[in-house]
Number of protein chains: 2
Amino acid sequence: MQTPLILRQVNPLEEADILIRECTLLPMDDRGIIKEGLIAIEDETITYAGKEAKAPRMKAEKVIDGRGKVAMPGLVNCHTHLAMTLFRGIAEDQPLQKWLKQTIWPLEAKLKPRDVYDGALLGCLEMIKSGTTSFADMYFNEDQVAKAVEKAGLRGVLAQGILEAGFLSRGEKMLRESVNFAKKYDGYADGRVTAQLGPHTLYTCGPSLLRKVREKATELKVGVHIHLAESEETVNLTKKKHGLSEVELLEKMGFLGPDVLAAHCIHLAKEEMRIMAKHNVKVSYNPVVNMKLAQGTARIKDLSDLGVTVGIGTDGPASNNNLDMFESMKIAALLQKQFYKDPTVMPAKMVLKMATIDGARALGLEKTVGTLEAGKKADIILLDFKKPHLTPIHDPYANIIYSAHGSDVDTVIVDGKVLMENRKVKTLDEEEVMLKAQKTATDILTRKTR
Amino acid sequence: MQTPLILRQVNPLEEADILIRECTLLPMDDRGIIKEGLIAIEDETITYAGKEAKAPRMKAEKVIDGRGKVAMPGLVNCHTHLAMTLFRGIAEDQPLQKWLKQTIWPLEAKLKPRDVYDGALLGCLEMIKSGTTSFADMYFNEDQVAKAVEKAGLRGVLAQGILEAGFLSRGEKMLRESVNFAKKYDGYADGRVTAQLGPHTLYTCGPSLLRKVREKATELKVGVHIHLAESEETVNLTKKKHGLSEVELLEKMGFLGPDVLAAHCIHLAKEEMRIMAKHNVKVSYNPVVNMKLAQGTARIKDLSDLGVTVGIGTDGPASNNNLDMFESMKIAALLQKQFYKDPTVMPAKMVLKMATIDGARALGLEKTVGTLEAGKKADIILLDFKKPHLTPIHDPYANIIYSAHGSDVDTVIVDGKVLMENRKVKTLDEEEVMLKAQKTATDILTRKTR
């Protein structure tokens, strides 16, 4: 795209590593849609994102032709268990407790660290191919997930899970492991990995343990990722046991704060929502899995109206069953419209904000990513809009939320590095990652419990 | 794949036009998953679909390598308005009546026949690229849709819409047009087009007109495609005006029968469901649009339990906003699970039956398509399962319903003719169809009302 004419200009050219030219730009900041946009990237940082006509003349070794493409911030998946790709489709259409107890937990008991790596790497590959650039994960052997993230080139907010489940010493041990993970991996992979602590839920971690988690998180300056109010049954158990709702109990123990990422948040009374807003707790809304497991509907409109920051998550691939944030965005909107009986609820642009800048905010990454503006890290995706289902283009936001899928993502850049171009992933051998994961998944099924 | 060794066999080889070899076969009849499957096609007909090892030795000029692929019947979209691709994304997140009155109807008033062709052709392209091989459509200028279907190579069950809307003479005129369309186009395009009559709804077509529609349909031996019980408001209007529910009113006028395809069917009392079952009325369940327009949830489990045949539809692309049946299948399952608060409702295989053989039944095509078995027309799609989000393969049905999207369709065959191979469409110039539709859509916006 760089013409000799420009190279012959008298003014010195600004240098960039990558230029994306003539794209339609959705910066997802206060600006709207920018046509004939230009993005300049130097090292891992965006140095320009705006109208090409208003930009200084620039040159770069790598110029990406953005014609027919829409550039936007990479998507942020606020809740998943990546390694569970290995169990995708293994026990379908079952009640949550049966699914967990008869299939998932026995299989997880057989997992080796290397399996988690194989599963996480497959998950990373799937995320790259569907335009997710940042994600929040909670699982066992989270160091393996960190290594997969490093290899794949993605950005991960990772938590080693903590499950007490009635055994205090087990809880203590898992807290230590979660803390050790956080100490070792916060800032890992050139800063692309940040750590959180990962207490599983209020019904699997007792108040004493949760208080310690809070102390440690504050001390280490890391966030906390927890499941909250997912199932009516466990919400009622907590109420019966403690005489308080989950959110009231967490508030009472001083657990809540802006660094808490709460996944699901379905069964909340209005007062609990107000408490969450007061403490600036972040929410991951996971519509696909909530519907699939029939757990109920999170009242995202109410939470939003109260000022709570809401991101969108896919949850683990064993219960969704994919990591496609485009699909989750559409269903996120559909479910709210259906629940509130109001088609105006959660319009397309609001959904896209949730999946980009609000998601980044939920993960504590809002100063780093989530919008396309100079100074932020270059986490960018290009969508190929020359597709039948994206034609005509009356409203790019509507096309993205209601018509697109992950397979429309053409190019993925994270931290200034091109991870995928023309749908070819550069950091991973796609065939090899899939073969290994298939082999590992099959192997686990026949393996004896450790 | 055909080896010289086989060619040297003494037994004479059976001839076929196309062989699909070594695929995983989901025939969607009483058989389950067939590994190492073979499909043989001669002219427009399947001559073999089963285990390759049990097949006679065959040769063919065209051999498709099915390794890593899943072969299944092409998907059946039971309800759409194809030409509305032109209005995709044009007025989003609005209430149904506002959307219709302020945007859609004024735009439709400006439509020329040729626009309908352009929009329908784009819709055909999108359906081919996402694995839909048969569909039911209702619109104005339906002859243009028939011509698009002929060109694209798809199978269409088409109805010219009838809207009285208080003007009796208009209703009569539109009925005549609908009848003329049916007479002219039933059996069109080598039999790939069948016709229906298309009375819009009970609230836009009066009882007298609907009785005439019924008579004409019976006389012409064609089906009837109608919207039923979509909006609570109009259901209540009917009840107030006639003292009967929509289904009761239709039964009273002798309208109901196995040739009636009723779209939506949301606001039905249990007694109405029983009446529908009694008359073997067919239902198109359109989950995406019902959620998006916040119209309510069709109780598909109840209808199914009563023995009603239910297919799945996308509805028009202006309100969905795509024609991707894979997405609609997933949301079909999710919505029922959520509505009934039961994750076991509508399991994956049942959904796939709805979108194939049950859909074919709903369209009166069950003897022609909907399963892969010898004697049926060769309407076949191949899914490329070598994808990260379709790995590992524990359960092909689950992968198809919960993980796949239309873009995973690799090959589409209709009536024995290859419409798409390796995602390259053979019957249409993709670029040209998209450009034309974009141009037409833009042009309509600036055009004066006729």
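**From one loop outward**

Modeller: Lys221(B) is found in the loop between helix H6 (207-220) and strand S10 (223-228) of chain B. Keep in mind that this is a predicted model. The phi of Lys221(B) is near 55°. That is a positive value, and the residue is not a glycine. Most residues other than glycine have a negative phi. Is Lys221(B) buried or exposed? Lys221(B) has 10 other C-beta atoms within 10 Å, so it is exposed. The cut-off for exposed is 12 or fewer.

Now take a residue of chain A. Ala294(A) also has a positive phi, near 55°. Ala294(A) sits in the loop between H10 and helix H11 (300-305) of chain A. Its surroundings are another matter. Ala294(A) has 20 C-beta neighbours inside 10 Å and therefore counts as buried. Across chain A, buried residues make up 61% of the 450 residues.

A further backbone feature turns up in both chains. The peptide bond from Asn320(A) to Asn321(A) is cis, with omega near 15°. Asn321(A) belongs to the loop between strand S13 (310-312) and H12 of chain A. In chain B, the bond from Asn320(B) to Asn321(B) is cis, again with omega near 15°. Asn321(B) lies in the loop between strand S13 (310-312) and helix H12 (325-340) of chain B.

Next, the two chains together. A rotation of 180°, with 0.0 Å of shift along its axis, superposes chain A on chain B with an RMSD of 0.0 Å. That is the relation of a two-fold axis. Which residue of chain A comes closest to the rotation axis? It is Ser407(A), whose C-alpha is at 3.4 Å.

The chains also touch. In chain A, 52 residues are in contact with 52 residues of chain B. Five helices of chain A each give two or more residues to this side: H3 (113-129), H10 (287-292), H12 (325-340), H15 (396-403) and H16 (430-446). H12(A) supplies the largest share, six residues. By class, this side of chain A has 24 nonpolar, 15 polar and 13 charged residues. Of the interface residues of chain A, 100% are also interface residues in chain B, so the copies meet through the same surface.

Last, chain A as a whole. Its secondary structure comes to 16 helices and 17 strands. The C-alpha trace spans about 75 × 45 × 45 Å along its principal axes. The radius of gyration of chain A is 22 Å, which agrees with the value near 22 Å for a compact globule of 450 residues. Among contacts with a separation of 6 or more, 74% join residues 24 or more positions apart.

Chain A is assigned domain 1 (4-73 + 370-425) and domain 2 (75-362). Their centres, taken over C-alpha atoms, are separated by 30 Å. Here 23 residues of domain 1 are in contact with 29 residues of domain 2. On the domain 1 side, the elements giving two or more residues are strand S5 (69-73), H15, strand S15 (409-414) and strand S16 (417-421) of chain A. H15(A) gives the largest share of that side, five residues. The residues of that side divide into 16 nonpolar, four polar and three charged. Note that H15 of chain A is also listed among the helices on the side that touches chain B.

Note on methods
Residues numbered from 1 in each chain as written. Chains lettered and ligands numbered in written order. Predicted model: local features only at pLDDT ≥ 70, side-chain atom pairs only at ≥ 80, totals over all residues. Helix = DSSP H or I, 4+ residues; strand = E, 2+ residues; numbered from the N terminus. Rg over C-alpha atoms; globule rule 2.2 N^0.38 Å. Contact = placed C-beta atoms within 7 Å. Least-squares fit on C-alpha atoms with pLDDT ≥ 70 in both. Nonpolar A, V, L, I, M, F, W, Y, C, P; charged D, E, K, R; others polar. Domains from an automatic or database assignment.
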